[in-house]
Amino acid sequence: MTFALAASAASIPELVRVSAPGRLHLGFLDPGASLGRRFGSLGLVVQGPETRLELRLAGRPVVEAAPGVDPAELERAAAHLAAMQAHTGLGRPLHLRLLEVLPPHAGLGSGTQLALAVGTAFARLHGLALGAADVAQMLGRGLRSGVGIAGFERGGLLLDGGPQANGRPAAVTSRLDFPEPWRVLLVLDPSRRGLSGAQEKQALAQLPPFPRELAAELCHRVVMQVLPGAAAADFGCFAEGLNRMQALLGGYFAPAQGGSCYTSPAVDALMRWIGRHGDAAIGQSSWGPTGFAILPSADAAAALLRSARAAGAVAPGLQLQLVQGRNAGADLQILAASPAAACA
């Protein structure tokens, strides 16, 4: 495919800003492909942590980051930018600035959101009609889960049916607004990192086949409890389904996580305390270490958090954030060039 600069010199944006929210990966439906289609994912986009960047045309290539941004994330962003230029043949000098990034390898979808933010900014700056799935395919994202890609575009509570045979990211089969009153307690452990890359592939390869009867139960729980619970704002139905889903998947993936359902022992301890003392849906996002507790209201979440701190259940070093679900995708700002800039 050949790409051309779609915008005229007078209409090229001066600057494109993208803010991409984090997402929770709530679990797979069928890790063993018992019906021939592997994975299938449930995910939730959340407010709070995000990746933010700016991209503009420049006289010379510049890739920089705000103070505090991990240099490794800057390298990944530069690689994504170079890949977009190689795919499209549009190699004009650009200035990319990373303002904030999601914590890497924490279970919040940092890699996919960074790739989509860079690729989408590039496309909009050049007037290219590329959707998130197009960008993801160019940059090698969404090989197992499509909820991060759909979340970038639409937000909400998302279900996909597993990667497609043609190499395209997994298609979304359900998208629901997350109930506004519900809250999500994010529990981050900066001292730990979830599996990724070659380690993740090796861990998946060493796990035993996922039983077909458990895959059937997961599908039943999602379709008949989690999704209906969210659609009707029936928290009890939602929580029962998600807790069972997390228990089944946590037990299956435990051998790759030191024998626990959680990558972080500190997160594990807090999640177990919440499970005993709160009316919550609890679990780990992807390989962690981020844990989550979903609660039916802001008051319930605040009360639980106070009780956990008073009981000494929050280990030193854990970072807690109380957020809402996000029913919108990434924020995109396109600043038009001034006449002087367009003529420069």
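Me: How do the residues of the lining of the largest pocket divide into nonpolar, polar and charged?
Reply: The lining has 12 nonpolar, 23 polar and seven charged residues. (Ala, Val, Leu, Ile, Met, Phe, Trp, Tyr, Cys and Pro count as nonpolar, Asp, Glu, Lys and Arg as charged, the others, Gly among them, as polar.) This is a predicted model, where local features need pLDDT of at least 70 and side-chain atom pairs pLDDT 80 or more, while totals for chains, interfaces and linings use all residues. Residues are numbered from 1 along each chain as its sequence is written, and side-chain values use heavy atoms, without hydrogens and water.

Me: What volume does the largest pocket have?
Reply: Rolling a probe the size of a water molecule over the atoms shows where empty space is left. Here the largest pocket has about 1000 Å³. (A pocket is an open set of points on a 1 Å grid where a 1.4 Å probe fits, with protein on both sides within 12 Å along at least five of seven lines; lining residues have an atom within 4 Å of a point. Volume is the space filled by the probe spheres.)

Me: Which residues lie nearest its centre?
Reply: R23, R144, E200, S286 and W287, out of 42 lining residues. Strand 1 (13-30) is among the elements that supply at least two. Strand 1 gives the most, with five. (Helices, H or I, of at least four residues and strands, E, of at least two are DSSP runs, numbered from the N terminus.)

Me: At what angle do helix 8 and helix 9 pack?
Reply: About 120°, with axes 11 Å apart. (Axes are fitted to C-alpha atoms over the stretch in contact; angles run from 0 to 180 degrees between N-to-C directions.) That angle makes helix 8 oblique to helix 9. (Under 35 degrees is roughly parallel, over 145 roughly antiparallel, 65 to 115 roughly perpendicular, the rest oblique.) L270, W273, I274 and H277 of helix 8 touch L304, S307 and A308 of helix 9. (Contact means heavy atoms within 4.5 Å.) The contact has five nonpolar, two polar and no charged residues.

Me: How do helix 6 and helix 7 cross?
Reply: At roughly 155°, with axes within 7 Å. Helix 6 is therefore roughly antiparallel to helix 7. Their contact has 12 nonpolar, three polar and four charged residues.

Me: At what angle do helix 2 and helix 4 cross?
Reply: At roughly 50°, with axes within 10 Å. So helix 2 is oblique to helix 4. T112, Q113, L116, A117 and T120 of helix 2 meet G148, I149 and F152 of helix 4.
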